Amino acid sequence: MAETREILLGGFVAVSGHLVADVGLEGDAGTGWTAPCEIDAQGAIVHPGFIEAHLHVNAQTCRGYFRGDASRGATGGPNYADWKAALDPEDEAAATRLAAVELLRHGFTCFVEPGSAFEPDAVVEAAGAVGIRCSVADPYLWDDTAIMQVIGGLASDALFARVPPTRERCLSALGGQLFRNRDEDGIAHGHVALYGEGTASDELMRAAKALADREGVILNTHLGFDAGVVTAMERALGQSRFAHLAGLGVVGPNTTFVHMNILRDDEVGIVQETGPSIVWCPQAYVSRGLPLIAPTRLPALKRAGVAVALGTDSARQSSLGDAMFLAVQLSAEAGAGLAAEDVIEMLTLHGARAAGLDHMLGRLAPGFRADLVIRGRGVIELGPCIDPAHQLVTVGHGPTADTVLVNGRIVMRGGRPTKVDEMSVIDAAQRSARSVAGRLGLPPPGRWPRITAS
């Protein structure tokens with residue numbers, strides 16, 4: 001992922017400690033490196049670790065429980081917000097371990113948790129146990145949740161009771177995860193996040209942006225997820241929410257907006273002028289039927305130079321490798337087709353910028369963190385490997401990672417995690433899911449119909 005975007009055929013990567021020391025072609029002077037550990041990739045694709053720029057990681061264990069669009073509520077029983085509110089620290093840890101192993105198998109070495117985990121310590125500890133990098137924020141910072149009634153499946157009395165939408169709580173908690181950045185060589189990071197979608201007052205938005213500016217981190221927030229929410233905010237503000245935020249002075253290069261599924265003509269210019277990062281979650285976009293009413297503008301913005309990263313949002317209805325393939329297909333449908341190289345940039349360089357970690361991640365270059373992936377050599381979907389970028393994005397985007405290094409340490413080998421037992425991770429996640437269902441008064445899986453959105 002150098003500026004010239006070359007692909008090295010027959011290359012090498014030298015790793016020293018947690019950093020990349022050198023990258024080049026076999027036969028160059030650099031191959032004089034000696035090391036106690038040497039991995040022969042045997043012609044396989046080697047690439048910088050992908051960055052999952054938006055993942056509600058604690059939702060991983062409810063996969064299969066909810067049909068359809070969970071944000072619209074449920075026809076009976078608890079909704080998605082009730083499920084989240086019922087999670088305890090061990091549930092969040094079990095979900096994180098499950099997601100972390102799946103991420104590694106798909107070639108991801110870092111994920112951004114956007115402030116929806118109730119116990120960031122549990123997420124960080126579980127991610128560290130698997131060996132994956134993460135960035136976390138304080139949970140559910142919001143002080144005006146009236147707009148949430150438009151997407152009732154994401155709101156519940158139980159959730160509001162657990163994370164009260166009061167300004168006092170939010171201002172007190174703001175920045176509580178930034179201490180993680182003191183360990184400059186570690187794999188746990190902190191950023192500032194507000195839940196977003198109109199749930200933050202102007203005062204809270206300004207305070208969050210000022211803190212992000214002062215601490216040199218990103219401000220991450222949801223915006224433009226749902227057409228109904230967008231319309232309700234426009235009605236309340238007399239203009240779009242994004243235009244309102246720009247007028248407050250809280251939009252800039254260190255601001256990351258997630259979704260942006262609905263973008264008006266005037267907002268496109270604001271994006272280009274102010275330079276925020278955008279995280280596109282194709283699964284969330286298509287699951288709402290938005291291609292039929294609001295063709296995405298994000299592929300065109302990416303091609304125009306805007307930093308657009310990719311996210312899964314929640315893996316309730318998908319795999320953690322789906323976003324890249326969907327991005328190619330949906331961009332073509334929108335008339336701004338992305339090439340495979342564009343998508344690789346979104347997963348690496350733009351993902352790093354959206355996470356506020358572009359000074360250390362997104363490239364295989366001297367001085368950058370040694371987060372890298374060696375794909376399986378014998379995976380039939382990766383043949384004939386004429387164009388590695390194309391093979392990764394449009395064919396081999398499944399769980400084809402063979403060896404993964406994070407911070408210079410081998411955390412996956414032969415397609416299996418090296419620090420945890422994979423079956424134990426799956427068993428713990430299953431126990432957690434059944435336990436949460438029991439707390440919500442639901443029968444065990446297999447004896448009741450899955451919750452269906454209204």
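# Cavities, helices and a few buried residues

Guide: In this predicted model, the largest cavity has a volume of about 170 Å³.

Visitor: How many cavities of 30 Å³ or more does the search find?

Guide: Searching the whole structure gives 4 cavities of 30 Å³ or more.

Visitor: And how does anyone see where empty space is left?

Guide: A probe the size of a water molecule is rolled over the atoms, and this shows where empty space remains.

Visitor: Back to the largest cavity, which residues lie nearest its centre?

Guide: The lining of the largest cavity has 14 residues, and those nearest its centre are His-56, Leu-154, Tyr-195, Phe-225 and Asp-313. Sorted by kind, the lining of this largest cavity consists of 5 nonpolar, 5 polar and 4 charged residues.

Visitor: What about the second largest cavity, how much space lies in there?

Guide: The second largest cavity holds about 80 Å³ of space. Two elements, α7 (227-237) and α8 (241-248), each give two or more residues to its lining, and α7 provides the largest share with 3 residues.

Visitor: Which residues line that second largest cavity?

Guide: Among them are Leu-223, Gly-224, Val-230, Met-233, Glu-234, Ser-240, Arg-241 and Glu-267. Taken as a whole, the lining of the second largest cavity divides into 7 nonpolar, 2 polar and 3 charged residues.

Visitor: Ser-240 is in that list, so where is Ser-240 found?

Guide: Ser-240 sits in the loop between α7 and α8, and it counts as buried because its relative accessibility is 9%, where the cut-off for buried is under 20%.

Visitor: What does the side chain of Ser-240 make a polar contact with?

Guide: One partner is the side chain of Glu-267, with which the side chain of Ser-240 makes a polar contact at 2.8 Å. A polar atom of the Ser-240 side chain also lies 3.0 Å from the backbone nitrogen of Ala-243. If residues up to four places away in sequence are not counted, Ser-240 touches Glu-234 and Glu-267, and both of these residues also line the second largest cavity.

Visitor: Let's go to the other end of α7. Where is the place of Asp-226?

Guide: Asp-226 belongs to the loop between β10 (219-223) and α7. The side chain of Asp-226 reaches two backbone nitrogens, that of Gly-228 at 2.8 Å and that of Val-229 at 2.9 Å.

Visitor: Is Asp-226 buried or exposed?

Guide: Asp-226 is buried, because its relative accessibility is 2%.

Visitor: Switching to pockets, how much space lies in the second largest pocket?

Guide: The second largest pocket contains about 290 Å³ of space. It is lined by 17 residues, and the closest to its centre are Asn-181, His-189, Gly-216, Val-217 and His-359. The residues lining this pocket comprise 6 nonpolar, 7 polar and 4 charged.

Visitor: Now the helices. How many residues has α16, and how far does it reach?

Guide: Helix α16 (residues 422-439) has 18 residues and reaches 26 Å from its first C-alpha to its last, which is close to the 26 Å expected at 1.5 Å a residue.

Visitor: What do the buried residues of α16 pack against?

Guide: They pack against α1 (80-85), α2 (89-105) and β17 (416-417). The buried residues of α16 include Val-425, Ala-428, Ala-429, Ser-432 and Val-436. Gly-441 follows α16, and its phi is positive, near 80 degrees.

Visitor: And α15, which of its residues are buried?

Guide: In α15 (residues 388-395), the buried residues are Pro-388, Ala-389, Gln-391, Leu-392 and Val-393. What covers them includes β3 (46-48), β4 (50-52), α12 (322-333), α13 (340-347) and β14 (372-375). At the start of this helix, a side-chain oxygen of Asp-387 comes within 3.1 Å of the backbone nitrogen of Ala-389.

Visitor: Last one: where is Ala-155 found, and what does Ala-155 touch?

Guide: Ala-155 is in the loop between β7 (133-136) and α4 (157-162), and it counts as buried at 9% relative accessibility. Not counting residues up to four places away in sequence, Ala-155 touches Asn-79, Ala-81, Met-148, Gln-149 and Phe-160. The C-alpha atoms of Ala-155 and Gly-378, by contrast, are separated by 46 Å, and these residues are 223 residues apart along the chain.

Methods: Residues are numbered from 1 along each chain as its sequence is written. This is a predicted model: local features need pLDDT of at least 70, side-chain atom pairs count only at pLDDT 80 or more; totals for chains, interfaces and linings use all residues. Side-chain values use heavy atoms; hydrogens and water are left out. On a 1 Å grid over the protein atoms alone, a cavity is a set of points where a 1.4 Å probe fits but cannot get out, and a pocket is an open set with protein on both sides within 12 Å along at least five of seven lines; lining residues have an atom within 4 Å of a point. Grid points are joined across faces, edges and corners, and a volume is the space filled by probe spheres set on the points. Ala, Val, Leu, Ile, Met, Phe, Trp, Tyr, Cys and Pro count as nonpolar, Asp, Glu, Lys and Arg as charged, and the others, Gly among them, as polar. Helices (H or I, at least four residues) and strands (E, at least two) are DSSP runs, numbered from the N terminus. The expected span of a helix is 1.5 Å times one less than its number of residues. Buried means under 20% relative accessible area, exposed over 50%, partly exposed in between (1.4 Å probe, protein chains only). Contact means heavy atoms within 4.5 Å. A polar contact is a pair of N or O atoms within 3.5 Å; within protein, one must be able to donate a hydrogen and the other to accept it, and residues adjacent in sequence count only if both atoms are side-chain atoms.
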